[in-house]
Amino acid sequence: MRKHKRKKQGGFGGSENGCVTRESDCGRKHKLTVIHQALIRDPVDIETLRRTAATKGGLLTDELRRKVWPKLLNINVYDLPHKPGRDVRENHKDYNQVVMDVRRSMKRFPKGMPAAERAVLQEQLIDIILEVLKRNPQLHYYQGYHDVAVTLLLVVGERMTIALLDKLSNVHLRDFMDATMDSTKHILNYLMPILEQVDVELHDFMNRAEVGTIFALSWLITWYGHVLSDFKHTLRLYDFFLASHPLMPIYLAATIVLHREKEVKQTECDMAMVHHLLSQIPQNLPYELLIGQAQDLFEQYPPSLLAKRAALQSRKSLSISSFQAFHLSTLHQRPDSVLQRLTRAQDSTTSRHGLEASLPAAQGQLWREGNRMMKMAVWGLSATLGAAVFAVAQTAMDWGPDLILQLF
Amino acid sequence: MSKDSPEEESRAPGSGGGGGAGKGGSRRNRADDNVTILTSSMDFYRAGRSRASSSSLTSSVELSSSSLETSIQTRIFKIIVIGDSNVGKTCLTFRFTGGSFPDKTEATIGVDFREKPVEIEGETIKVQVWDTAGQERFRKSMVEHYYRNVHAVVFVYDVTKMASFRNLQTWIEECNGHRVSASVPRVLVGNKCDLVDQIQVPSNMALKFADSHNMLLFETSAKDPKESQNVDSIFMSLACRLKAQKSLLYRDVEREDGRVRLTQETETKTNCPC
Ligand SMILES: Nc1nc2c(ncn2[C@@H]2O[C@H](COP(=O)(O)OP(=O)(O)OP(=O)(O)O)[C@@H](O)[C@H]2O)c(=O)[nH]1
Ligand SMILES: [Mg+2]
């Protein structure tokens, strides 16, 4: 029996099956406006951005993601890390593992993407991961980290990915990046207590089966990027998690298990059978519904409440302990227009950074739209465009692929 | 008073042992038992599943025989596959359970499960394969759970990568560390033999190693279709070995101590519980 209430979802975005009714179209337009207004407020209206990232449809478009994701993580897009140099690959203990994992990650790229382009992105991915690891010697690579990195890269491009991944690795993903997986296991240990709160019978069944929680491991440490085959679902969840507490992925795991409660109970009460069933995520889960439920569960049974339990007491989570400070740091951000001016004043060469910062993002978008001409155009653009055109690009509020084409 | 029906006995609720809380209502044996007996109901359930995507890595449950539905019980043979990252564990297990070489594998995160029913001398045995992550950090706390009650261990190395062969020693220690009994059969698999001009690990070296650890050695390729029988035979030879120990296993279940161990005894008995 589920005790938690259903949260009303905002009526934004297209309907579940992709058919956009007039009403939701209007909601979508409204949401776009709300997001834009939150972005230009000074300081940036971070609470509104968080809310819109979690409510129906999430951040709606990749263009908005490129603007909002950096805000959710307190990143100044006019002061992004440089492209990693060649030396980033030298002498890193995780180099081989990263290469092996990235080379095998073909499934994560859009189906229609030509092999040559995918190969370029894969090389970028290797550099990005190694760059972040080099900047943070206390962090250790894990198989699955590359699934997070690729999701970011496909949306925001190389340099912004480095910045976002660096921040995520120090907060949300921090527990997974210890030398051992003990802290990760600790986070997984929240799963059963949540289930117990909502459905004792299901909880006991799973305990009897001794299924453990490893079926949810890849969900947790890749933010579901490893297990979802539809990229739009992955993005929807990333919007949500970027705007949420680091433990939210485990609450979502709980709602997924609860959602499949009947199936689970009908399965043989056996470790292998239950593990097998649960580790296969059905491809069309009602994500909007589950996200709302995960939020409800989080409110009703917050980590602090669950942590009172013996099994969860012993260990300190760096993700949780660093989240507070992180959260505070996001509250006083200047809007991009101000940041741009400030950063430029600081560094007279920053205009080039700004341009490069924005371009790869456009690349990601274009790739997924599958227009080769445009891709080539952007590639050429990043090499040749001067600061003058950059200024034009930046003043257009909604600059995007169309605008870039117009520049030619 | 001795009992005649080992099957009944095997279904008795938990009888102590290191398995933690009793598994009331479960139709399988205690976690400590080395053989698992399932009634036919779940075979119906599984048989009813579609086999839509034999090419999909994630749903490789295949049914090789319709006789499953009529079998009274199906024994389960649990194999864990370990070895360095990228040696081809996922490809090998998929070649066996799914019948083909997957064109795109991804890094295994944690543990993946695949199974395949095989028929040996008229008996259908379900071979469960636990495909583990190769990265070191997953070994200790994550994979532990899956070493419990395994019937066999498959060690995999990559014949084109000496380091993956050298690391076998740590994998063996890893395995011993998880208290896998010495009597649990272990086999050694050198994978990627199709890459003939890149071979770094000579056969005689591998053979020596296998001998010294009392393992059978298979050199094969998950990729080469001509080798597919060979891949099957790795798992089949292990299944046959279990089959040979059948009478022993049933008898041990009869003993009611809930702590059956596979031993090398090969007494032929005919107390088939069906
Ligand atoms: N040439 C050749 N390549 C193979 C063979 N088996 C696997 N591979 C390739 O080796 C790579 C690794 O294979 P996986 O099965 O994913 O390796 P794994 O041992 O499961 O790796 P982890 O999941 O990281 O532990 C993939 O690119 C496969 O295509 C083989 O027999 N021959
Ligand atoms: Mg694998």
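This is a predicted model: local features need pLDDT of at least 70, side-chain atom pairs count only at pLDDT 80 or more; totals for chains, interfaces and linings use all residues.

Biologist: Where is Asn136(A) placed in chain A?

Modeller: Asn136(A) sits in the loop between H5 and helix H6 (145–156) of chain A.

Biologist: Leaving aside neighbours within four places in sequence, which residues is Asn136(A) in contact with?

Modeller: With those neighbours set aside, Asn136(A) is in contact with Asp166(A) and Asn170(A).

Biologist: Let's zoom out. What does the secondary structure of chain A come to?

Modeller: You'll find 24 helices and 0 strands in chain A. Of its 408 residues, 60% count as buried.

Biologist: What feature does UniProt place at residues 59–245 of chain A?

Modeller: The record, an unreviewed entry, has "domain: Rab-GAP TBC" there. In the model, that span is 58% helix and 0% strand, and its end C-alpha atoms are 17 Å apart.

Biologist: And how is chain A divided into domains?

Modeller: There's domain 1 (86–170) and domain 2 (181–320). Their centres, taken over C-alpha atoms, are separated by 26 Å.

Biologist: Now for interfaces. How is the size of an interface often given?

Modeller: For domain 1 and domain 2 of chain A, about 920 Å² is buried between them, with 69% of it on carbon and sulfur atoms. The contact involves 11 residues of domain 1 of chain A and 11 residues of domain 2 of chain A. As for salt bridges across that interface, the rule finds 0.

Biologist: How many residues of chain A are in contact with chain B?

Modeller: 46 residues of chain A are in contact with 42 residues of chain B. The two chains bury about 3700 Å² between them, 53% of it on carbon and sulfur atoms. Here the rule finds 4 salt bridges across the interface. Look up Lys107(A) for a salt bridge to Glu106(B), where the closest N and O atoms are 3.9 Å apart. That pair makes the list because the cut-off is 4 Å.

Biologist: Which parts of chain A does the pair Arg89(A) and Glu123(A) tie together?

Modeller: Arg89(A) is in the loop between H3 and helix H4 (95–103), while Glu123(A) is in helix H5 (residues 115–135), so their pairing ties together parts of chain A that are 34 residues apart in sequence. The salt bridge itself has its closest N and O atoms 2.9 Å apart. Arg89(A) counts as partly exposed at 21% relative accessibility, and Glu123(A) counts as partly exposed at 28%. Both belong to a network of salt bridges that links Arg89(A), Arg103(A), Glu123(A) and Asp127(A).

Biologist: What about Arg75(B) and Glu123(B): buried or exposed?

Modeller: Both are buried. They form a salt bridge with the closest N and O atoms 2.8 Å apart. Arg75(B) is in strand S2 (residues 73–83) and Glu123(B) in strand S4 (residues 123–132) of chain B, so this pair ties together parts that are 48 residues apart in sequence.

Biologist: One last thing, the metal. Which residues coordinate the magnesium ion (ligand 2)?

Modeller: Thr90(B) and Thr108(B) do, each through OG1, at 2.0 Å. Thr90(B) is in helix H3 (residues 89–98) of chain B and Thr108(B) in the loop between H3 and strand S3 (111–120), so the pair ties together parts that are 18 residues apart in sequence. Thr90(B) counts as buried at 9% relative accessibility, and Thr108(B) is buried with a relative accessible area of 6%.

Terms used
Residues are numbered from 1 along each chain as its sequence is written. Chains are lettered from A and ligands numbered from 1 in the order in which they are written. Side-chain values use heavy atoms; hydrogens and water are left out. UniProt positions are given in the numbering used here, feature names are shortened, and annotations may be inferred rather than shown by experiment. Helices (H or I, at least four residues) and strands (E, at least two) are DSSP runs, numbered from the N terminus. Donors are N, O and S atoms within 2.8 Å of the metal (3.2 Å for Na, K and Ca); water is not among the atoms, so sites may look incomplete. Buried means under 20% relative accessible area, exposed over 50%, partly exposed in between (1.4 Å probe, protein chains only). Domain bounds come from an automatic or database domain assignment. Contact means heavy atoms within 4.5 Å. Buried area is the accessible area (1.4 Å probe) that two parts lose on being put together, summed over both. A salt bridge is a side-chain nitrogen of Lys or Arg within 4 Å of a carboxyl oxygen of Asp or Glu.
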